[in-house]
Amino acid sequence: MPSTPDDRTADPPEGPTGEWGLPPANPYVHSRVSGPFTVIEVSGEIDMASAGSLTEHLAAATARPGPDVLVDLRPVAFFDCSGLRALCRADTRAKERGGRLRLVFDQPRLHRLLRASGLLRRFPPLAELPPGSRPESGPAPHPDP
């Protein structure tokens, strides 16, 4: 699925945020800064009802210039087209700002979903988080806004 003008997202919503300006964790999504990366850990079921939580974290992670975003989908039990749309919008936004968005997963069902939707080339999966992005890596210095 090539990017389209509809892939663009609005600026992140104003409101309470956690560390580094990232949204607070919720039952589906948690974000953290680790080394040069913003890591978004996704779990549970991402569908129409929960995709908004993912979108909120993706929008915040791609708000700065040159974002390097890793979306960890390994704990995900279910992922539908609502989640794919959120990923495509965030990927477009990251690229517009000179950055990138990469997916981390090892489940065959997610591989099949991306291949069937034509997104596997857009999101070639990483099997694990790269060095410098793991929790023990610690946060990077806060970039200037």
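1. The H1–H2 contact: Ala 51, Leu 54, Thr 55, Leu 58 and Ala 59 of H1 meet Ser 82, Gly 83, Ala 86, Leu 87, Ala 90 and Arg 93 of H2, with contact meaning heavy atoms within 4.5 Å. Those residues split into seven nonpolar, three polar and one charged (Ala, Val, Leu, Ile, Met, Phe, Trp, Tyr, Cys and Pro count as nonpolar, Asp, Glu, Lys and Arg as charged, and the others, Gly among them, as polar). Keep in mind that this is a predicted model, where local features need pLDDT of at least 70, side-chain atom pairs count only at pLDDT 80 or more, and totals for chains, interfaces and linings use all residues. Numbering starts from 1 along each chain as its sequence is written, and side-chain values use heavy atoms, leaving out hydrogens and water.

2. Helix geometry: H1 (residues 51–61) and H2 (residues 81–96) pack at about 10 degrees, their axes 9 Å apart. That makes the two helices roughly parallel (angles under 35 degrees). Axes are lines fitted to C-alpha atoms, for helices over the stretch in contact, and angles run from 0 to 180 degrees between N-to-C directions. Helices (H or I, at least four residues) and strands (E, at least two) are DSSP runs, numbered from the N terminus.

3. The sheet: four strands make an open, mixed sheet in the order S1-S2-S4-S6, where pairing takes at least two DSSP bridges between two strands. S1 (29–34) and S6 are the edges with a single partner strand each, so one side of each has no neighbour in the sheet. S1 and S2 run antiparallel, joined by six bridges, and Val 29 sits opposite Val 42 in S2. H2 packs on this sheet, touching S4 and S6, and its direction makes about 140 degrees with that of S6.

4. Five of the five residues in S4 (68–72) are buried, meaning under 20% relative accessible area with a 1.4 Å probe, protein chains only. Both faces are covered: Asp 68, Leu 70 and Asp 72 lie on one side, Val 69 and Val 71 on the other.

5. The core: Leu 73 and Leu 101 touch the most other members of the largest nonpolar core, which has 25 residues (buried Ala, Val, Leu, Ile, Met, Phe, Trp, Tyr and Cys joined through side-chain atoms within 4.5 Å). H2 gives the most to this core, with six residues.

Terms used
Buried means under 20% relative accessible area, exposed over 50%, partly exposed in between (1.4 Å probe, protein chains only). Angles under 35 degrees count as roughly parallel, over 145 as roughly antiparallel, 65 to 115 as roughly perpendicular and the rest as oblique.
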